[in-house]
Amino acid sequence: MSVQSDIRRLTAPDIRARKGGEPIVVLTSYHAHTARLIDQHADVILVGDSLGMVMHGLESTVPVTLDMMILQGLAVMRGSKRALVVIDLPFGSFEESKEQAFRTAARVLKETGCGAIKMEGGARMAETVRFLSERGVPVMAHVGLTPQHINTLGSFKAQGRDRADWPAILADAKAVSDAGAFSVVVEAVAEPLGREITQSIPIPTIGIGASPACDGQVLVLEDMLGLSPWVPKFVKRYGELGSHIADAVEAYAKDVRSRAFPGSEHTYAEKKPRA
Ligand code: KIV
């Protein structure tokens, strides 16, 4: 017996089939309320390990744990109905061996009910991508700037600024595509390289600071909403939530201090959903 829901979620094969078609809308979310809002417009919701920086104020994604990813992944699954939810495998949870990667990915799929995982790495992870894909784990790969490597990279700088580095990045994208990834994030690479990768591989490329020619784009939600204290140069801001929150908090503090706070005539029962 199977349990059916009315709304069918997008699947990894649905996204794979969008190669060269309608651009794929991807946004990050780490919690239920934002997932609910995003779900109306995005094809994929990425529970990225950027949550370490955005939610926890960490300096990099390196300290993020699998338990953190699963907890926030569950919240996003509860908040969304339609988008494919993809959860990042955090640093240290998959690189050791393909078996370790499978165990981690299986735990993520089983405990959250999400539809796919994302894993940083190109050619060096291709064998693992194949192992997982052949065993029922849809993999979104991630090439170009791989932030989990901050300690060997030294900084979050764009990759492929030197043309001599292009063939290796292109080879990374080809390797994960050949290994069975259903899509690949291409992060912070020179625009012509992002375009070339997109034209050279049969799976959708999801760009972030890469090229408008990519098959889709991803942004960190808090960056595009103006909530993050700093954002990479390529991020277009679609809101100024940071200053809205600061203004609202200031107004609230003023109300509390002047005793102009709403009283018991406003009951919880009167509350209506906003959207
Ligand atoms: O962790 C993340 O949010 C990501 C995206 C920026 C691609 O990997």
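Keep in mind that the model is predicted.

**Around the ligand**
- The residues surrounding the ligand are Thr28, Leu46, Gly48, Asp49, Ser50, Asp88, Lys118, His142, Val185, Ile208, Val218 and Val220.
- Sorted by class, that shell comes out as five nonpolar, four polar and three charged residues.
- On its own the ligand has 250 Å² of accessible area, and the protein covers 95% of that.

**The largest pocket**
- This pocket holds about 920 Å³ of space.
- It has 38 lining residues, and Met53, Glu187, Asp223, Trp230 and Pro232 are the closest to its centre.
- Helix 3 (51-54), strand 4 (116-120), strand 6 (183-187), strand 8 (216-219) and helix 10 (221-224) each give two or more residues to the lining.
- The lining is made up of 21 nonpolar, seven polar and ten charged residues.

**The second largest pocket**
- Here you get about 530 Å³ of space.
- Of its 25 lining residues, Val26, Leu27, Leu219, Met224 and Tyr238 are the closest to the centre.
- Strand 1 (24-28), helix 2 (32-38), strand 8 and helix 10 each put in at least two lining residues.
- By class, the lining splits into 17 nonpolar, seven polar and one charged.

Note on methods:
Residues are numbered from 1 along each chain as its sequence is written. This is a predicted model: local features need pLDDT of at least 70, side-chain atom pairs count only at pLDDT 80 or more; totals for chains, interfaces and linings use all residues. Side-chain values use heavy atoms; hydrogens and water are left out. A residue is near a molecule or strand if one of its heavy atoms lies within 4 Å of it. Accessible areas come from the Shrake-Rupley method with a 1.4 Å probe; for residues, only the protein chains shown count as cover. Ala, Val, Leu, Ile, Met, Phe, Trp, Tyr, Cys and Pro count as nonpolar, Asp, Glu, Lys and Arg as charged, and the others, Gly among them, as polar. On a 1 Å grid over the protein atoms alone, a cavity is a set of points where a 1.4 Å probe fits but cannot get out, and a pocket is an open set with protein on both sides within 12 Å along at least five of seven lines; lining residues have an atom within 4 Å of a point. Grid points are joined across faces, edges and corners, and a volume is the space filled by probe spheres set on the points. Helices (H or I, at least four residues) and strands (E, at least two) are DSSP runs, numbered from the N terminus.
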